[in-house]
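Have the sequence and the 3D view ready.

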Amino acid sequence: MALQIHQFPARGDNYGVLVHDPATGATASIDAPDSEAVLAGLHEKGWELTHILTTHHHHDHTAGNEVLKRMTGCTIVGPAKEARSIPGIEVQVGEGDIVEIGKAKAKVIETPGHTSGHVSYHFPDDAVVFVGDTLFSIGCGKLLEGDAKTMWASLQKLMALPPKTELYCGHEYTRNNARFALTVEPENEALQARAAEVDELAKRGEPTLPTTIAQELATNPFLRPSSPAIQKRLGMEGRPLAEIFGEIRKRKDRF
Ligand code: ZN
Ligand code: FE
């Protein structure tokens, strides 16, 4: 039976996500932005928490760790490289490690850049990936603990996943991201269409996530430094892609 996924808003613009293996009852929370929101999500679905899969150490992704561990006895999994700053961590993981949530298997992909030890969790059999604050719909994480080269290498790993892979992110930033993206690649028709869709969803108060790798490849300027239109607009024709990516990131920081 396929993995079941429940996404819900938490602490304003964060998302909480629960993944549930119906065969065994195992349930993982992707990060723990807020214990109450996660408990409410569990209650709504009638699921019992067995794991927290931490993407990175930031407070808005780990604030619920200790309460949830105390209340449920769940196992907290997270990046070895940030273990010191992740409350309650028991299982430390790195590139290529497999985490089992019941019968479901998540493969760990190291995606540093936003933080130096950030990881993503890819469930290849279920065609879904949880990327925390590495990649957002039409955007990407700020380079708080890494440079453009590091982040570009991380993004390329995600870009190489099967295009139909569903992508879950840590935040609902899509509407603002779309406004920025249209300044970088205004003639991109897929982006124009997605921006219109995002406006509609926002008006109805609905989530713009999950997205897919295919949709992000077509619309997300941070994944498109090879686009001739973007290179021309930035006056960076033929420059190394990591450098073009870095320039897009700088412009977004000033946007
Ligand atoms: Zn973060
Ligand atoms: Fe965050």
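In this predicted model, the largest nonpolar core has 28 residues, and the members that touch the most others are Val-131, Leu-135, Leu-155, Leu-158, Leu-167, Phe-245 and Ile-248. Several elements each give at least two residues to this core: strand S11 (135–136) and the helices H4 (148–159), H5 (174–184), H8 (228–234) and H9 (241–254). Helix H4 makes the largest contribution, with five residues.

Beyond its neighbours within four places in sequence, Val-131 contacts His-118, Ser-120, Leu-158, Leu-167, Tyr-168 and Cys-169. There is also a second, separate core of 20 residues, with Leu-3, Ala-26, Val-93 and Ile-101 among them. In soluble globular proteins, nonpolar side chains tend to be buried together.

Now for the metals. Which residues coordinate the iron ion (ligand 2)? Asp-60, His-61, Asp-133 and His-171 do, at 2.1 to 2.3 Å, through the atoms tabulated here.

| Residue | Donor atom to the iron ion (ligand 2) |
|---|---|
| Asp-60 | OD |
| His-61 | NE2 |
| Asp-133 | OD |
| His-171 | NE2 |

Along the sequence, these donor residues follow the spacing D-H-x71-D-x37-H. The angles among the four donor atoms run from 84 to 172 degrees, and the site is irregular. The zinc ion (ligand 1) lies 3.1 Å from the iron ion (ligand 2), and Asp-133 coordinates both.

Are Asp-60 and His-61 buried or exposed? Asp-60 has a relative accessible area of 18%, so Asp-60 is buried, the cut-off being under 20%. His-61, at 1% relative accessibility, is buried too.

Methods
Residues are numbered from 1 along each chain as its sequence is written. Chains are lettered from A and ligands numbered from 1 in the order in which they are written. This is a predicted model: local features need pLDDT of at least 70, side-chain atom pairs count only at pLDDT 80 or more; totals for chains, interfaces and linings use all residues. Side-chain values use heavy atoms; hydrogens and water are left out. A nonpolar core is a set of buried Ala, Val, Leu, Ile, Met, Phe, Trp, Tyr and Cys residues joined through side-chain atoms within 4.5 Å. Buried means under 20% relative accessible area, exposed over 50%, partly exposed in between (1.4 Å probe, protein chains only). Helices (H or I, at least four residues) and strands (E, at least two) are DSSP runs, numbered from the N terminus. Contact means heavy atoms within 4.5 Å. Donors are N, O and S atoms within 2.8 Å of the metal (3.2 Å for Na, K and Ca); water is not among the atoms, so sites may look incomplete. Four donors count as tetrahedral if all angles lie between 85 and 135 degrees; four count as square planar and six as octahedral if opposite donors are over 155 degrees apart and all others between 65 and 115; anything else is irregular.
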